[in-house]
Amino acid sequence: MAFSVRYTTDILRLTSPAPGVPGSGPAWGRVDTEGIAIAERAALGTTARVAAWPQEDLDLALAAVDAELERLDRQASRFRDDSELSRIHRELAPVHQLSRGMAEAISVALAAARWTGGLVDPTVGGALIALGYDRDFTAIDPALALAGGPAPAPGWRSVTLAGTVLGLPAGVRLDLGATAKGLGSDRAAAAAYRASGRGGILISLGGDIAVAGQPPVGGWPVAVADSSALGAPGQVVRLTAGALATSSVTGRRWQRNGRPVHHIVDPRTGWPAAGPWRTVSVAASSCAQANAASTAAIVAGHDAEAWLAGTGLPSRLVAHDGAVRLLGGWPETRRD
């Protein structure tokens with residue numbers, strides 16, 4: 001990945017993910033600015049945004065992105081009865097035959113679990129269900145009353161994957177949230193660029209961003225901001241390659257038995273992560289990796305800085321008190 005920082009007019013925002021905020025409805029809303037065409041719509045429970053140049057290639061890009069987002073939703077959604085993941089959970093057999101795309105999604109999730117030492121873990125699905133996140137976020141009762149409580153995740157090592165054959169113990173529920181949205185951005189950016197074979201593409205899914213092709217002059221400008229301080233001056237990074245992703249505990253929040261909870265689960269406890277960071281942004285070579293790293297840092301809590309330093313990935317951490325910590329060469333804010 002490569003990026004720098006400057007103050008400029010931004011065309012895209014990288015913020016804390018919003019709780020299922022729709023974009024412009026199911027149809028793409030469009031705008032052209034500074035030689036770049038931009039479109040936005042609701043997708044995957046968040047907002048999808050596509051930026052393309054030259055402007056006349058936007059229609060090709062949107063068709064490719066639509067196909068990739070629908071494919072991912074049919075593979076990995078916990079909230080669609082007709083998704084491949086829902087079918088796996090309904091089946092009683094311990095072994096499941098997967099599509100190649102679903103096998104890739106689970107392989108990426110398991111690789112992320114291994115890389116993070118289990119800080120992210122695809123077997124947290126049961127914990128999320130116990131917390132009340134058993135449906136699309138917008139449909140969650142904001143004041144849930146549930147008996148019992150979540151338990152630690154069974155652990156990613158209980159899952160096996162050999163090619164397209166998945167081994168999943170009875171009762172284990174998968175959730176690919178720590179990697180799937182990033183993977184979706186990676187897939188969509190690559191597909192949109194293949195559709196035109198020229199220019200450049202930026203894809204954002206709820207602020208998880210991947211780029212492909214040649215960036216505009218100076219790089220793609222992306223305003224990095226924490227959702228709890230959107231009125232404050234933002235830092236604008238110029239992304240020329242790779243990806244950026246943000247994880248936050250400030251967006252998808254609700255009440256469970258009077259206790260505030262959020263969607264980033266610590267696999268070691270089954271409860272929402274309770275560390276000092278409200279938002280973490282990470283740059284990496286792929287959005288799936290950046291997504292996994294930012295989520296892992298939230299879960300790592302007080303150990304996040306040491307863990308991120310070990311990865312060498314440029315990172316920006318925002319504490320609950322608003323303090324900002326920059327690691328791995330993430331550029332300091334400056335005025336040009």
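Predicted model: local features only at pLDDT ≥ 70, side-chain atom pairs only at ≥ 80, totals over all residues.
1. Let's start with the backbone. Most peptide bonds are trans, and most residues other than glycine have a negative phi. Two spots are worth a look with that in mind.

2. The peptide bond between Trp 53 and Pro 54 is cis, with omega at about -5°. Where does Pro 54 lie? You will find Pro 54 in the loop that runs between strand E5 (46-53) and helix H1 (58-76).

3. Leu 44 is not a glycine, yet its phi is positive, at about 55°. Leu 44 belongs to the loop between strand E4 (36-43) and E5.

4. On to the aromatic rings, where the count comes to one pair. The ring centres of Trp 115 and Trp 307 are 5.3 Å apart, and their planes meet at 65°. Planes over 60 degrees apart count as edge-to-face, so that is the class of the Trp 115 and Trp 307 pair.

5. Which parts of the chain does this pair link? Trp 115 sits in helix H3 (residues 100-115) and Trp 307 in helix H7 (residues 304-311), so the pair links distant parts of the chain, 192 residues apart.

6. Trp 307 is buried because its relative accessibility is 17%, under the 20% cut-off. Trp 115, with a relative accessible area of 34%, is partly exposed.

Key. Residues numbered from 1 in each chain as written. Heavy atoms only, no water. Helix = DSSP H or I, 4+ residues; strand = E, 2+ residues; numbered from the N terminus. Phe/Tyr/Trp six-rings, centres within 6.5 Å; stacked < 30°, edge-to-face > 60°. Buried < 20%, exposed > 50% of the residue type's maximum accessible area, 1.4 Å probe, protein only.
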